[in-house]
Amino acid sequence: MNTKDLPIYFDGEHYDAWTEREVDIPFYKKQVKKYGDPVLELGCGTGRITIPIAREGFDITGLDLSRELLRRAKEKAEKEELDIRWIEGDMRKFSLDQDFNLIFVPFNTIQHILSLEELERVFEDVKQHMKTDGRFIVEFFNPDLDILNRDPQEEHEVMEYEDPNGEGKVKITEKTSYEKAKQMLHLNWFYNFEDRRVTKEWTSRIWFPKEVDEVFKYNDFETEHKYGDFDESPFTNNSGQQIVVCKKA
Ligand SMILES: C[S@@+](CC[C@H](N)C(=O)[O-])C[C@H]1O[C@@H](n2cnc3c(N)ncnc32)[C@H](O)[C@@H]1O
């Protein structure tokens with residue numbers, strides 16, 4: 001298994017250094033308390049969310065495609081003596097010997113799944129692994145038209161972080177180009193190190209709100225909540241996120 005199509009996940013230390021996001025962790029802890037364990041996180045990365053949930057004593061499994069990110073996740077969990085099952089695998093085809101009360105795909109990870117056929121394979125396997133009354137939570141960005149309409153030649157700042165190998169500051173900038181007919185946002189991420197610049201290309205599938213609602217409906221999920229933010233406020237025109245909480249119809 002490799003991450004050649006997702007080169008931004010090349011290194012767990014770098015991932016942890018640039019991922020400052022914490023706003024979603026209390027939300028997922030709350031959902032686990034509400035719906036119960038065992039829990040499965042698809043696309044768990046370095047365990048940014050998995051580990052805080054395990055710390056609260058819940059039974060959680062993390063599955064990810066990136067060996068590099070999983071290595072970092074395992075190392076962090078072992079340091080804390082947390083019993084987490086880590087699986088190197090692809091959410092587009094997985095088979096585990098367990099069913100779950102909660103399965104979630106956080107941090108817009110589902111937008112790495114580029115075709116409907118692949119997404120429907122994820123959905124099928126998720127349904128196979130859900131307990132009868134289990135829940136499935138998936139997050140998508142609410143498309144930002146300013147980003148989609150950008151000039152592809154313009155370079156924009158994404159973030160800056162401290163190089164984990166002590167090489168000073170790394171600034172990530174990006175150029176984006178939106179392929180309207182396919183609803184694909186193509187990104188070039190530039191890692192600007194003090195002495196060099198490394199380019200990583202990746203693509204994100206853009207999902208407009210009504211298609212999100214429909215793809216769950218027509219894949220036999222019943223949406224119970226659609227939140228617009230991690231405070232569980234309802235999804236509206238100005239929401240940054242589309243957070244779907246559903247069960248099997
Ligand atoms: C945005 S990161 C999220 C990581 C972690 N959940 C977090 O919130 O920090 C997306 C993760 O999904 C993983 N991923 C992408 N496509 C995948 C697939 N088809 N199967 C499993 N993991 C995948 C990547 O390797 C990466 O670790």
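Which residue lies over the face of F193?

1. R196 does, at 3.9 Å from the ring centre of F193. The model is predicted, so side-chain atom pairs count only at pLDDT 80 or more.

2. Now the ring pairs. The structure holds 18 aromatic pairs. One of them joins F27 and Y28: the ring centres are 5.0 Å apart and the planes stand at 85 degrees, so this pair is edge-to-face. The cut-off for that label is an angle over 60 degrees.

3. How accessible are these two residues? F27 has 2% relative accessibility, so F27 counts as buried. Y28 is buried too, with a relative accessible area of 0%. The limit for buried is under 20%.

4. F140 and F216 make another edge-to-face pair. Their ring centres lie 6.2 Å apart, and their planes meet at 90 degrees. Both F140 and F216 are buried.

5. Where in the chain do F140 and F216 lie? F140 is in strand β5, residues 130–141. F216 is in helix α7, residues 209–217.

6. Ring pairs link Y9, F10, Y15 and W18 with W189, Y191 and W202.

Terms used. Residues numbered from 1 in each chain as written. Predicted model: local features only at pLDDT ≥ 70, side-chain atom pairs only at ≥ 80, totals over all residues. Heavy atoms only, no water. Phe/Tyr/Trp six-rings, centres within 6.5 Å; stacked < 30°, edge-to-face > 60°. Buried < 20%, exposed > 50% of the residue type's maximum accessible area, 1.4 Å probe, protein only. Helix = DSSP H or I, 4+ residues; strand = E, 2+ residues; numbered from the N terminus. Lys NZ or Arg CZ within 6 Å of the ring centre and 35° of its normal.
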